[in-house]
Amino acid sequence: MPWTGIQADGRRDCEVYGADGEAGRQLTYRDAIREALDQALGMDPRVFLIGEGIDDPGGVFGSTLGLAEKYGSLRVMDMPLAENGLTGVAAGAAMTGMRPVLIHMRVDFLPMAMDQIVNHVAKWRYMTGGKVSVPLTIRAITGRGWGSAAQHSQSLHALFAHIPGLTVVMPASPRDAKGLLMGCIASGEPSLVIEHRWLYDLKEVVPEEPFLVPPGVGLIRREGTDVTLVGVSHAVYDLLLAAEQLATEGISAEVLDLRSVRPLDEALIISSVRKTGRMVVMDTGWKRCGISAEVAAVVSESAHDALRAPFRRICIAECPAPASAVLEDAYYPGCADVVACVKGLL
Amino acid sequence: MKPVSEILIELYRTMLRIRRFEERVVALYPEQQMKTPVHLCLGQEAIPAGVCIHLGREDQIFSTHRSHGHCIAKGMSLKSIAMELYGRETGCCRGRGGSMHLADPEQGIPGSTAIVGGSIPLAVGAALSAKMQDNGRASVAFFGDGASEEGSFHESLNFAALHHLPVLFVCENNQYATSSRLAARQPDTGIAAKGAGYGIPSRELDGNDVLAVYRAAGEALGRARAGKGPTLLECRTWRWMGHVGPTCDVENGCRPRDMHEEWLSRCPLEQLRIRLPESGALSPDFLESTELAVCLEIDSAFNTARHSPDPDPSQILRYVDGRG
Ligand SMILES: Cc1ncc(C[n+]2csc(CCOP(=O)(O)OP(=O)(O)O)c2C)c(N)n1
Ligand SMILES: [Mg+2]
């Protein structure tokens, strides 16, 4: 899919994530995912990958490149265009001793598998009184831009985060892309890893050895005292840019990366807001019944007294993603919206 | 190979255990202590019996909302099923599943679904798992005629055929989905024909003839274990009760009386008894002692179930995930 490649590559103005001058090996988000899969396959014979075209020359935007050659077509398996059925197949394999990783190029294909994910995968452990677990990990990528439009750019994490029994993580950086993916595979829980296409070229120092980031633990990516900026996935990137700009104007913003929207790190949100007294939540998804509402509710319920200003939410426009570049610009909020919003609170 | 007489006895005993279990549910259900929707399989006993006799404990079956018969035939204890129907902590799913989600992984039953067609791909996944682990196991998907209209059925057949997976698709064609007859729902090609479309050996057979089911399932599972891929069996049958609950739905016009009576006359247990007088395996003595033993087993299962402890409400969140 070259169109998103052009757009994503053209956009990067800040390539390196994490502390300036941090020593160690740098990896892109894409290669961090690939390394996680490679190591999981290498360490655990129960792990296998399955997805549409995962063994083709594109290799799911490069994230599965070379793995079919290395592990063979049974462990890195192409699949029919049958998302719901194959989610069930992967789930059945997971129930009987395997650790499948099901890969979708687009988050937009997940609704095809709603029945298996929501009715079966998420509930099986509970329905069987804890006797049968479903250690299935599903990767799916949110696209954006270049006219990808309504059915190729969705961010549906809130839909899935509503469901008890599912884990939903959204890595914002290369290190987390590896650690959270390995963390999900190792957790034994049914997990959804929602990646963002626009993060694929970001670089960060990523440990070479396998490591796990446990789902449910958020991260303060930048410390601050005046306002807490909460985000997930690509929104974290915008928030970091905004924090940098705000700093030049003497405003100290704390950036909280949720990393995981289910479980949600409520304690981290509450402690940060207690410190700053202000909060802006930015999401890659819609506002209505979305994660930003959930974060706001957590604060209202547990730290309302700490708020010195109303919380604010910055989300995509309440419409399907439009194709026209002009409309896209209007659809996606960015760093400038965050900066303006914070200034309005102070 | 087991001697023929032993096979006949086992088939008969399994059908009888299912029959008497379901009858006990009918008898006790009006007490309203089993607070779970029951989809009874009275009249359909030959299919689980004829299939599961070929399975070892390590082979996997997946079932549906109409799950009692499959689980009994696969070796689940009547007690753990009865306790689940009463919603007890001691039930097979600790009171979290109920009648439509019976499971017992120790007996090779990872579970049952109440979403029509939902467990067919799960059985295919278990077969894929067996192939990857090269452990010689087979899996069976039990489902109804209605499920053959779901996309999951077709997606499952396609994938199983593509990878020659050791799975047996068993369609219990009782000719109705709730009160909707087959002819109102799909073209008259037969369900077996759908399997043929995927290159899967597929057969239609009399699902009330336990020996026919026994033979067809034996062949199919032999092929599956030999790496020759899946088979689809369309077993024609009829349920004696309504779609759900302990009463019949013929009185209120849900299904035609003449067909109902015709199928009642083809009771799977009676047929086995009548067709095999000469074998001597099912002697009057045997029938009587089996009847007694099964009755005692069921008495004990339901008595235990009625007096077993309920789950503790403070534990409602347990088993949502492995963290809690
Ligand atoms: C996806 C889905 N659609 C509809 C229903 C409602 N429903 C429950 S059982 C049933 C009939 C199923 O018929 P069939 O597959 O023939 O099985 P049978 O009940 O005859 O054993 C229906 C429509 C459901 N549970 N799931
Ligand atoms: Mg039916």
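**Entry 1: helix pairs in chain B**

I began with a crossing: helix 1 of chain B passes helix 4 of chain B in a right-handed crossing. For my own reference, a crossing is right-handed if the near helix is turned clockwise from the far one by less than a right angle, and left-handed if anticlockwise. Helices here are DSSP runs of H or I with at least four residues, strands are runs of E with at least two, and both are numbered from the N terminus.

Before going on, I noted that this is a predicted model, where local features need pLDDT of at least 70, side-chain atom pairs count only at pLDDT 80 or more, and totals for chains, interfaces and linings use all residues. Residues are numbered from 1 along each chain as its sequence is written, chains are lettered from A and ligands numbered from 1 in the order in which they are written, and side-chain values use heavy atoms, without hydrogens and water.

Back to the pair: helix 1 (residues 4-28) and helix 4 (residues 78-85) of chain B have axes that come within 12 Å and cross at roughly 25 degrees. Axes are lines fitted to C-alpha atoms over the stretch in contact, and angles run from 0 to 180 degrees between N-to-C directions. Helix 1 and helix 4 of chain B are therefore roughly parallel; that label covers angles under 35 degrees, while over 145 is roughly antiparallel, 65 to 115 roughly perpendicular and the rest oblique.

Next I looked up helix 5 (residues 120-133) and helix 6 (residues 151-162) of chain B, which pack at about 20 degrees with axes 8 Å apart. Helix 5 of chain B is therefore roughly parallel to helix 6 of chain B, and their crossing is left-handed.

**Entry 2: a pair in chain A**

**Entry 3: two backbone details**

I then checked the backbone of chain A. The peptide bond from A:Arg262 to A:Pro263 is cis, with omega near -5 degrees. A:Pro263 sits in the loop between strand 12 (260-262) and helix 10 (266-276) of chain A. A:Arg259 is not a glycine, yet it has a positive phi of about 65 degrees. I located A:Arg259 in the loop between strand 11 (253-257) and strand 12 of chain A. My reminder: most residues other than glycine have a negative phi, and most peptide bonds are trans.
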